[in-house]
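Here's a quick look at how the pieces of this model sit together. Have the viewer open as you read.

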Amino acid sequence: MSDTATPATLLCDARLLCRRPDAGTAGLWPRAAALVARQAIEAALDRYWQARGAPALVDCPMRTQLVCLAEMAGPDIAGIVAASWASLSGACHVHPYDLAPTAGELLGWMEAVEELCSGLA
């Protein structure tokens with residue numbers, strides 16, 4: 001992820017994938033949108049750790065970051081971040097007999113991500 005990829009631009013890109021699927025992205029856009037939305041969470045957390053004076057957490061695994069987030073931002077915010085990140089992570093991977101998420105599901109998760117990103121800012 002580049003330094004210019006802000007959580008807002010990543011979410012905008014993810015929404016575009018949901019709203020304008022075409023024949024060239026058939027079967028790929030749901031997982032691509034989930035991945036980009038998940039990257040928005042990760043970028044928001046990177047910024048959060050930098051702002052809180054804990055830049056070393058940027059390189060930690062997500063589970064570690066979520067435990068620390070519960071201590072620093074509270075369990076409610078951390079729980080929502082964890083649930084959103086887990087849902088999007090699951091949607092990124094292909095599992096036998098699992099359907100890709102729908103545009104509606106993805107857009108709902110993205111709304112939660114947008115609220116979280118603004119709350120962490």
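## H3 against H4

In this predicted model, helix H3 (residues 62-73) packs on helix H4 (residues 75-92) at about 155 degrees, and their axes are 7 Å apart. Axes here are lines fitted to C-alpha atoms over the stretch in contact, with angles running from 0 to 180 degrees between N-to-C directions; helices are DSSP runs of H or I, at least four residues, numbered from the N terminus. So H3 is roughly antiparallel to H4, a label for angles over 145 degrees.

From H3, the residues Met62, Leu66, Leu69, Ala70 and Ala73 meet Pro75, Ile77, Ala78, Val81, Ala82 and Trp85 of H4, where contact means heavy atoms within 4.5 Å. That contact is made up of 11 nonpolar residues, no polar and no charged (nonpolar covers Ala, Val, Leu, Ile, Met, Phe, Trp, Tyr, Cys and Pro; charged covers Asp, Glu, Lys and Arg; the others, Gly among them, are polar).

## One aromatic pair

There's 1 aromatic pair in the structure. The ring centres of Tyr48 and Trp49 lie 5.1 Å apart with planes at 70 degrees, so this one is edge-to-face (pairing needs centres within 6.5 Å, and edge-to-face needs planes over 60 degrees apart). Tyr48 is buried at 3% relative accessibility, and Trp49 is buried at 0% (buried means under 20% relative accessible area, with a 1.4 Å probe and protein chains only).

## Ground rules

Residues are numbered from 1 along each chain as its sequence is written. Local features need pLDDT of at least 70, side-chain atom pairs need 80 or more, and totals for chains, interfaces and linings use all residues, while side-chain values use heavy atoms, leaving out hydrogens and water.

Note on methods. Helix = DSSP H or I, 4+ residues; strand = E, 2+ residues; numbered from the N terminus. Parallel < 35°, antiparallel > 145°, perpendicular 65-115°, else oblique. Phe/Tyr/Trp six-rings, centres within 6.5 Å; stacked < 30°, edge-to-face > 60°. Buried < 20%, exposed > 50% of the residue type's maximum accessible area, 1.4 Å probe, protein only.
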